[in-house]
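Have the sequence and the 3D view open as you read.

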Amino acid sequence: MMNPDLPLGQAASRRSTERCSVIPTDDPCVHAASLRGWMQDYLQLSAGRFLGEIIEMTIGPIQIFRETIWQCVDEKANPRRNSYTVGVPVYMEEGGYWQGYHVARNSLMMLRPNEELHFRTPKKS
């Protein structure tokens, strides 16, 4: 439904910045490359088949995503430029480390704009 208070061109440009996607992956490198606007390197540390999924929604400058990984992975990443990053674990086994600090299930993980991310995921996160 169009907002009648917005000029037609503004309504159209707003829709073009909206995106919602579900991306299943079976390779850590493909998984790392799947999150739009991020530069990431993933190294799988545990043996076995990699499985992952990214559910992403972008509305203008706001990006919300849920990342699920079934293997222990070392992540190094640069989030979208000039953005704040807030991470809230939905499900995570023990053994994760964010920026060198142990991550518990009730952790809140944050990055300042242009800060590099270092995350060692547990086997299921």
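Starting from the N terminus, the elements of the protein follow the order α-β-α-β-β-β-β-β-β-β-β-β. That gives two helices and ten strands. Please keep in mind that this is a predicted model.

**The chain as a whole**

The protein has 125 residues, and 36% of them count as buried. Its accessible surface comes to about 8,100 Å², with 57% of that belonging to carbon and sulfur atoms. If we take contacts between residues at least 6 apart in sequence, 56% of them join residues at least 24 apart.

**What lies inside**

Which residues make up the largest nonpolar core? This core has twelve residues: Ile23, Leu35, Trp38, Ile54, Ala77, Met92, Trp98, Val103, Met109, Leu111, Leu117 and Phe119. Strand 9 (109–111) and strand 10 (117–120) each supply at least two residues of this core. Another core lies apart from it, with five residues that include Ala32, Phe50, Ile69 and Val73.

Isoleucine 23, a member of the twelve-residue core, is worth a click in the viewer. Leaving out residues up to four places away in sequence, isoleucine 23 touches Ser34, Gly52, Glu53 and Ile54. Ile54 is itself listed in the largest core.

Next comes histidine 31, which sits in helix 2 (residues 28–33). Is histidine 31 buried or exposed? Its relative accessible area is 0%, under the 20% cut-off, so histidine 31 counts as buried. Beyond its neighbours within four places in sequence, histidine 31 is in contact with Thr25, Tyr42, Phe50, Gly52, Glu53, Ile54, Glu67, Thr68 and Ile69.

**Salt bridges**

How many salt bridges does a search of the whole structure find? The search finds two. In one, the side chains of glutamate 56 and arginine 19 meet, at 3.4 Å from N to O. This pair links distant parts of the chain, with glutamate 56 in strand 3 and arginine 19 in strand 1 (residues 18–25), 37 residues apart. In the other, aspartate 74 pairs with lysine 76, and their closest N and O atoms are 3.2 Å apart.

The table shows how accessible each partner is.

| Residue | Relative accessible area | Class |
|---|---|---|
| Glutamate 56 | 1% | buried |
| Arginine 19 | 27% | partly exposed |
| Aspartate 74 | 22% | partly exposed |
| Lysine 76 | 38% | partly exposed |

Glutamate 56 has a relative accessible area of 1%, under the 20% cut-off, and therefore counts as buried. Arginine 19, its partner in the salt bridge, is partly exposed at 27%.

**On the surface**

A nonpolar patch on the surface is formed by Met57, Ile59, Ile62 and Ile64, which together have about 380 Å² of accessible area. Strand 3 (52–59) and strand 4 (62–69) each supply at least two residues of the patch. Isoleucine 59 belongs to strand 3. With a relative accessible area of 43%, between the 20% and 50% cut-offs, isoleucine 59 is therefore classed as partly exposed.

**Two backbone angles to look at**

Asparagine 82 has a phi near 60 degrees, a positive value in a residue other than glycine. Asparagine 82 is located in the loop between strand 5 (73–78) and strand 6 (85–87). Its relative accessible area of 55% is over 50%, so asparagine 82 is exposed.

Glutamine 99 is not a glycine either, yet its phi is positive, at about 55 degrees. You will find glutamine 99 in the loop between strand 7 (96–98) and strand 8 (101–103). Glutamine 99 is partly exposed, with a relative accessible area of 22%.

Definitions and conventions:
Residues are numbered from 1 along each chain as its sequence is written. This is a predicted model: local features need pLDDT of at least 70, side-chain atom pairs count only at pLDDT 80 or more; totals for chains, interfaces and linings use all residues. Side-chain values use heavy atoms; hydrogens and water are left out. Helices (H or I, at least four residues) and strands (E, at least two) are DSSP runs, numbered from the N terminus. Buried means under 20% relative accessible area, exposed over 50%, partly exposed in between (1.4 Å probe, protein chains only). Contact means heavy atoms within 4.5 Å. Accessible areas come from the Shrake-Rupley method with a 1.4 Å probe; for residues, only the protein chains shown count as cover. Patches are made of residues with over 30% relative accessible area and no salt bridge: like charges are joined within 9 Å, nonpolar side chains (Val, Leu, Ile, Met, Phe, Trp, Tyr) within 5 Å. A salt bridge is a side-chain nitrogen of Lys or Arg within 4 Å of a carboxyl oxygen of Asp or Glu. A nonpolar core is a set of buried Ala, Val, Leu, Ile, Met, Phe, Trp, Tyr and Cys residues joined through side-chain atoms within 4.5 Å.
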